[in-house]
Amino acid sequence: MSIGSILLATVAGMVLGALWYSPLMFGNAWLAALGKRKEALGSAKGPMIGSMLACLLTALALALLLLASGADTVGKALGIGLIAGLGLVFPAMLSDSLFCGWGRRLLLIQCGYRISYIALMSVILVA
């Protein structure tokens, strides 16, 4: 895995997020689940920088996990990505959701994005 593949996976995660949270996909449902209007969110600059850093850290961690596991095919990478997403991210977010009272809709939108971008990044990193 190269620095280029890590950066490409990071960008892919950000692009997927832009689509995921747009009105074309789940943006309106996400806002409704938050109980907010788009105008109430304020500037996206800080959250976007934080999200970019989160995507980069995820891509780096996945690259290390894929190397350590010996995943050398797209199928194996996808499997590792799904295990990480469904087995690590989802339970952690489920616990947060239960304590924070997010509701099922918000949990599924948030986890759906993270599981999807982890799977996508895993494939990009190995391809």
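Axes here are lines fitted to C-alpha atoms, for helices over the stretch in contact, and angles run from 0 to 180 degrees between N-to-C directions. This is a predicted model, in which local features need pLDDT of at least 70, side-chain atom pairs count only at pLDDT 80 or more, and totals for chains, interfaces and linings use all residues. Residues are numbered from 1 along each chain as its sequence is written, and side-chain values use heavy atoms, leaving out hydrogens and water.

**View 1. Helices H1 and H3 cross at roughly 135°.** Their axes come within 8 Å (helices are DSSP runs of H or I with at least four residues, numbered from the N terminus). On the H1 side, the contact (heavy atoms within 4.5 Å) includes Ile-6, Ala-9 and Gly-13, and on the H3 side it includes Met-52, Cys-55 and Ala-59.

**View 2. Helices H3 (residues 45-69) and H5 (residues 104-126) cross at roughly 55°.** Here the axes come within 10 Å, and H3 is oblique to H5. Among the contacting residues are Ala-59, Leu-62 and Leu-66 of H3, with Tyr-117, Met-121 and Leu-125 of H5.

**View 3. Take a look around Leu-125 of H5.** Leaving aside neighbours within four places in sequence, Leu-125 is in contact with Met-1, Ser-5, Ile-6, Ala-9, Ala-59, Leu-62, Ala-63 and Leu-66.

Methods: Helix = DSSP H or I, 4+ residues; strand = E, 2+ residues; numbered from the N terminus. Parallel < 35°, antiparallel > 145°, perpendicular 65-115°, else oblique.
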